[in-house]
Amino acid sequence: MMRDQAWLQSQLDFLLENGFSDMPRLNRITIEFGRKAQRRLGSIRMSRDKKRSSILINGIFRQELVPQEVVLATIAHELCHYAHGFCSPLERKYKSPHAGGVIDRELRKRGLELYSRFEKDWTKAHWPKIMAAEFPRKQRHVRVSRSMPLAIRLFRRLLA
């Protein structure tokens, strides 16, 4: 079974009520699945008019093979950025979004460190296998310039 937008919204609502209830929300926070990505689990951005902050979650998370705790950890991570004033109208608390482990400290303060710890252990153990299945290596294609002499083009094809 695939997870849908309503399920993803329920995960955001759960965290906003249980881990971030004290956080001021000065604009609307939305969430949706994005494209499948190899290296980015989630991201947050703010609209130009600053009326909305949007959390984008890796499209692979639609599959139930990714545990709910990993999804919650990713959303919580993005909400920490919001709380720290990155991609939100809140005052910026730090110079950099990941400066000196501020995300881990924030999650610990909010009682959400178990999600983060689970996510780190799970991705270390399982993410490479999922990436191999989702993004199989394609046969390398050697680009050949037509302005190259024929002998060099043939030699390059032999090496490819």
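Helices (H or I, at least four residues) and strands (E, at least two) are DSSP runs, numbered from the N terminus. The structure described here is a predicted model, in which local features need pLDDT of at least 70, side-chain atom pairs count only at pLDDT 80 or more, and totals for chains, interfaces and linings use all residues. Residues are numbered from 1 along each chain as its sequence is written, and side-chain values use heavy atoms, with hydrogens and water left out.

Salt bridges were examined in the model. Side chains of opposite charge can pair when their charged atoms come close. With a salt bridge taken as a side-chain nitrogen of Lys or Arg within 4 Å of a carboxyl oxygen of Asp or Glu, the structure holds 5 salt bridges. One of them joins Lys109 to Glu106, with the closest N and O atoms 3.5 Å apart. Both residues lie in helix H3, 3 residues apart, which is about one turn of the helix. Glu106 also forms a salt bridge with Arg110, where the closest N and O atoms are 2.7 Å apart. Asp22, Glu106, Lys109 and Arg110 are linked in a network of salt bridges. For accessibility, buried means under 20% relative accessible area, exposed over 50% and partly exposed in between (1.4 Å probe, protein chains only). Lys109 is exposed at 58%, whereas Glu106 is buried at 6% and Arg110 is buried at 14%.

Another salt bridge is formed by the side chains of Lys36 and Glu134 (2.9 Å, N to O). Lys36 lies in the loop between strand E1 (28–33) and E2, and Glu134 lies in helix H4, so the pair ties together parts that are 98 residues apart in sequence. Lys36 is partly exposed, with a relative accessibility of 39%, and Glu134 is partly exposed at 23%.

Aromatic rings were treated next. Rings of Phe, Tyr and Trp (its six-membered ring) pair if their centres lie within 6.5 Å; planes under 30 degrees apart count as stacked, over 60 as edge-to-face and the rest as tilted. By this rule there are 2 aromatic pairs. Phe61 and Trp127 form an edge-to-face pair, 6.2 Å centre to centre with 80° between the planes. Phe61 lies in the loop between strand E3 (52–57) and helix H2 (68–83), and Trp127 in helix H4 (residues 113–134), so this pair ties together parts that are 66 residues apart in sequence. Trp122 and Trp127 also pair edge-to-face, at 6.5 Å centre to centre and 65° between the planes. Phe61, Trp122 and Trp127 form one aromatic cluster. Phe61 is buried at 0% relative accessible area, Trp127 is buried at 11% and Trp122 is buried at 9%.

Cysteines were checked for disulfides, defined as pairs of cysteine sulfur atoms within 2.5 Å. The structure holds 0 disulfides. Cys80 is in no disulfide, and the nearest cysteine sulfur, that of Cys87, is 13 Å away. This distance is too far for a bond. Cys80 is buried at 0% relative accessibility, whereas Cys87 is partly exposed at 27%.
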